[in-house]
Amino acid sequence: MDTLSSLADGFSVALTFQNIGLALLGCFLGTIMGALPGLGPSNGVAILIPLAFTLGLGPTPALILLTSVYYGAMYGGRISSILLNIPGDEPAMMTCLDGYPMAQQGRAGEALALSGIASFVGAFFATWGLVLLAPQLVKVALLFGPAEYFALFTLAFATLGGISASNQAKSAFAAALGLGLAMIGVDTQTGVPRFTFGEVHLYDGIDFLVAIVGLFALSEVFIFLEHRGSAEEEAAKPKVVIGKIAPSWGLIRYCTPTMLRTTVLGFIAGVLPGAGASLGSFISYSLEKKLVDKKGTFGTGDPRGVAAPEAGNNAAAGGALVPMLALGVPGSGTTAVLLAVLLALNITPGPLLFTQNPDVVWGLIAALFIGNFMLLAMNIPMVGLFVRVLMVPPRILMPIVAMISFVGIYGISGSSFDLMVMVGFGIMGWALRKLDVPLVPVILGTLLGNEMEVNLRRAVTINDGDYSILVGSPLTLILWAIAIVGFVLPIFVGGIVRARMRKAAAKDETATAATEGANPD
Amino acid sequence: MKIAALPLIGGLAIAGALAMAVSAASAFEPERTECIAPANPGGGWDFTCRQVGKSLQDLGLIKSTMQVVNLSGGGGGVAFAEVVNKRNDANDLIIAASSATATRLAQNAYPGNTMDQVRWLAAVGADYGVIAVAKDSEINTLPELLEKIKDDPSSVSIGGGSAVGGWDHLKVLIAAQKAGISDVRSVKYIAFAGGGEAVTQLLAGSLQAFTGDLSEAKGFVDSGDIKVLAVLAPERLEGEFADMPTAKEQGIDAIGANWRGFYAPGGMSGEAYEFWVDAIGTLYASDEWKAVMETNGLAPLDLQGAEFEAFVRDSVDNITALSKEIGILQ
């Protein structure tokens, strides 16, 4: 009851004309920034910090503006994933897998609206989780030592095979490539630079955004250039159909269990510092696929494959605020930026934040609720507008994609070196596409590989080189068990699943499987 | 950020031309001031730029808003190289620096660059190092901790927010050395992505001790979750930190300050250098800056111009010696 009255106070702080205006502005700008490849939530928030300071905003309004941008960008990231197969930011990567196929089947409107709703569900329940559970959740974060983190990241890798069904060896190759890329940079555990070739720009490692934009956006441009003007290519392309905008209630209901499950998963991933939204959306997708994908429709435009990562990553965004507010430890890049804003506003996040600055915390949480409803209200009607992007002919769209990629990447660090790295990744992405190697595991390898490695080495160093610490706690054993089951099970039951898949494929078109799938088979 | 950066570069060219015209007539007056934070938004350098930029404007020391440019990479090396190679005679530019800058310069981690290629302006405060343990730890003083490490180095894992060889690591080694631990390499240091993550692991029980800056530990000290064994300051700090014992009073003469300050391009004109030294000096002496220091857990470090340059040189030399000893430098 205490919490609820504090929350009511928070609403009275947040519900002023100025604050609502700021939330609206933040949501709008955030959505756009999220949708532009290269500009993710962390850059979006960082770009607007000077605005917040120049406007002379107090702590609460400034935070309302910036967290609206944060949530907005988490919503926006999905738009370019679905429409162009180019993730707007890291967590939106998983949405490409089913979102883009849906768009190709003429269901872009549905995919966008459904992912908007999934984002809302994820963020809404995560915010409630933040309200009700923040103090208890801190204890969960404290259960995770280096050994537990290592097991968690291994678990993520063990389920990697699930995301691209076609050729496991190629996904494994892609993941290994990503792991290799993650090695670049100064090794924190010894201070020694690895694979930097004396180039100072590489000391901090490869920026994930540079890699993503290169691999996804630029390689798309290269593919287009390659086929420029060839008539049969144009003819071979399926005609773009916009299709209906609003998903049916049946479809929403059909995806609801998926959304609720992945919200919980994503939220937990968000709460763990160092795991974050990318892991949230990834684990949500791959575990959901393992759980419900009986017919092998994931990856071919299954609406649940759109709902899962979106609910997961937005829930993780809410979850990441728990360690930031309660421990002063950022759970993601964006919360690191928000943390800095808090410090600049003379607010020290940490165990005492809830007692020392209740107005700020509860005002912020109330603003999250308000922003979330605004985003839903803003995103659903705008779906009709977004899908028009598909009508833009590639000869106009592709130069724009190239331009936005270059501008966005240069904007991150103001370094032309990053542009060259991006072009390098573009060429690599083009080659990998030719070889039919999936791109998502490359990024996941880079993103998760780093954390996996440092946590392994931390754990082993702490235990004086004795590897037994890796199975030294009940939690690690549970995580290992899930990882092993996730890895081994598909190998044994793979034959059965494949047989069923063939049957399912023969029975109906995968695209229309959605509505039928509601009945147990 | 490109959007912001483009007009800025154009503007700088104009500003540079204007500044030259003005300085011919009178003392230097910067037009379009710029501060490079050599890291992504959110870190200490970013904070230094933004806070100083804001305060300089509030105090009327500069006319317009200071533009903060984040030029991350190579732990500050990218920005250092950029300033040396491309912006060497900019008069409107200052760059945030800290102990980490000195550490990397000492360890040759900015390939081909040395501290003499730029001019050191002034410090704006120091964040003293602390060594802390969890509240329920049986260890209560710094000598106890160091004694334990001496007896069995593998029994104590110390975590901090910098890489191996970084400043958080070196601080512990300085203390260990002063306590007579001959092989400082045996001290078990675990690197984390930030001080906050290291404190979390201390609370989770993975680590036995934490080394970091006072500002990183403050929130957890206030809440009573961690116990500060020693603050590595020459004397006790003022205000709310007065209860914390120094290492020195426990017989371990170790001082470790993470200073924050600025450098400027090496080819900056004499007048411009004077202007910036004066401006940051005036800022440092103001009441407003004192308030900023207090809320951010910064302790005094009043050094400008030549004095500051000598201080940086001193710390680079000390870190070079220590790094050789622990084998990071050959």
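Reader: Which residues touch the most other members in the largest nonpolar core?
Author: They are L66(A), I443(A), I95(B), L121(B) and A175(B), in a core of 279 residues. A nonpolar core here is a set of buried Ala, Val, Leu, Ile, Met, Phe, Trp, Tyr and Cys residues joined through C-beta atoms within 7 Å. Buried means that 20 or more other C-beta atoms, placed from the backbone, lie within 10 Å of a residue's own.
Reader: Which helix gives the largest share of this core?
Author: Helix α6 (residues 108–143) of chain A does, with 18 residues. Helices are DSSP runs of H or I with at least four residues, strands are E runs of at least two, and both are numbered from the N terminus.
Reader: What are the conventions and limits of the model?
Author: Residues are numbered from 1 along each chain as written, and chains are lettered from A and ligands numbered from 1 in the order written. The model is predicted, so local features need pLDDT of at least 70 and side-chain atom pairs count only at pLDDT 80 or more, while totals for chains, interfaces and linings use all residues.
Reader: What does I95(B) touch?
Author: Leaving out residues up to four places away in sequence, I95(B) touches I36(B), P38(B), A79(B), V83(B), F262(B), Y263(B) and A264(B). Contact requires C-beta atoms, placed from the backbone, within 7 Å.
Reader: Turning to chain B, how many helices and strands are there?
Author: Chain B has 11 helices and nine strands. Its radius of gyration is 21 Å, close to the 20 Å that the globule rule gives for 330 residues, so chain B is as compact as a globular protein of that length. The radius is taken over C-alpha atoms, and the rule is 2.2 Å times the number of residues to the power 0.38. Of the 330 residues, 58% count as buried.
Reader: How many residues of chain B are in contact with chain A?
Author: 47 residues of chain B are in contact with 49 residues of chain A. On the chain B side, α7(B) gives the most, with six residues.
Reader: Why is α4(A) described as largely enclosed?
Author: Because 25 of its 26 residues are buried, α4(A) is largely enclosed by the rest of the structure. It bends by about 25 degrees at M74(A), the bend being the angle between axes fitted to the seven residues ending there and the seven starting there.
Reader: What follows just after α4(A)?
Author: N85(A), which takes a positive phi of about 65 degrees.

Terms used: Contact = placed C-beta atoms within 7 Å. Buried ≥ 20, exposed ≤ 12 C-beta atoms within 10 Å, placed from the backbone.
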